[in-house]
Amino acid sequence: FGWARPVPVSVENLPRPRRAHVLISIAGPGSNLLLAAASLSLLLFLGCVVSFAYPNAVVGNFATLDFTAAVTASGFPLTVAFGPFCTILKLSLVINVFLACFNMIPIPPLDGSWVLQHLFPFTVGRLYETLRPYSLIIFVALIYSGVLEYLLYPVAIALAPAFLLLVTATPY
């Protein structure tokens, strides 16, 4: 799981601590979605600029869902930088949407568990908190059972409109 560790948050001194903890918990996935939106905006901008400035330009793999294929470009200046830069932007879009959806899964210690715990009534939230020591076992069980695949299905749902926008806004 790398270097990702739960960040201790002390919300006792904040007004409305439960609400504050929910807002703090959604800040991380929110920043991932902002980065994904910035990547999509920059991709759209670059695609539109190239299509208007150089109508005979050829750009490949720009709006495809094949993430293993790099964006290729020819027929205009700076094609050497355009392809890799757009590939990085495309990967940034996908990775940030994935991280936002993954982090909102309601399994401790992910942020989704804090949101869910504080949205429950207090007694149910305390009962849900008893799952924290077993969270790694639950997480591994979800991976091996295949349930995690269904929990991450929103990634495909979130990415589909973004790539549809790329396809309709640019000729590539």
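Biologist: How much of the chain counts as buried?
Modeller: Of the 172 residues, 37% count as buried, where buried means under 20% relative accessible area, exposed over 50% and partly exposed in between, with a 1.4 Å probe and protein chains only. This is a predicted model, where local features need pLDDT of at least 70 and side-chain atom pairs count only at pLDDT 80 or more, while totals for chains, interfaces and linings use all residues. Residues are numbered from 1 along each chain as its sequence is written, and side-chain values use heavy atoms, with hydrogens and water left out.

Biologist: OK, and which elements am I looking at, in what order?
Modeller: The chain has seven helices and two strands, running α-β-β-α-α-α-α-α-α from the N terminus. Those are DSSP runs numbered from the N terminus: helices are H or I with at least four residues, strands are E with at least two.

Biologist: What's the radius of gyration?
Modeller: The chain has 20 Å, whereas a compact globule of 172 residues would have one near 16 Å. The value is taken over C-alpha atoms, and the globule rule is 2.2 Å times the number of residues to the power 0.38.

Biologist: And what box do the C-alpha atoms fill?
Modeller: Roughly 65 × 40 × 30 Å, along the principal axes.

Biologist: Let's go inside. Which residues touch the most other members of the largest nonpolar core?
Modeller: Val 59, Phe 62, Phe 82, Leu 93 and Leu 166, out of 26 residues in that core. A nonpolar core here is a set of buried Ala, Val, Leu, Ile, Met, Phe, Trp, Tyr and Cys residues joined through side-chain atoms within 4.5 Å.

Biologist: Which elements give two or more residues to it?
Modeller: α1 (17-53), α2 (79-103) and α7 (153-169). Of these, α2 gives the most, with seven residues.

Biologist: New topic: where is Gly 75, and is it buried or exposed?
Modeller: Gly 75 sits in the loop between β2 (72-74) and α2. Gly 75 is exposed, with a relative accessible area of 59%.

Biologist: How far apart are the C-alpha atoms of Gly 75 and Leu 159?
Modeller: They are separated by 29 Å, with the two residues 84 apart along the chain.
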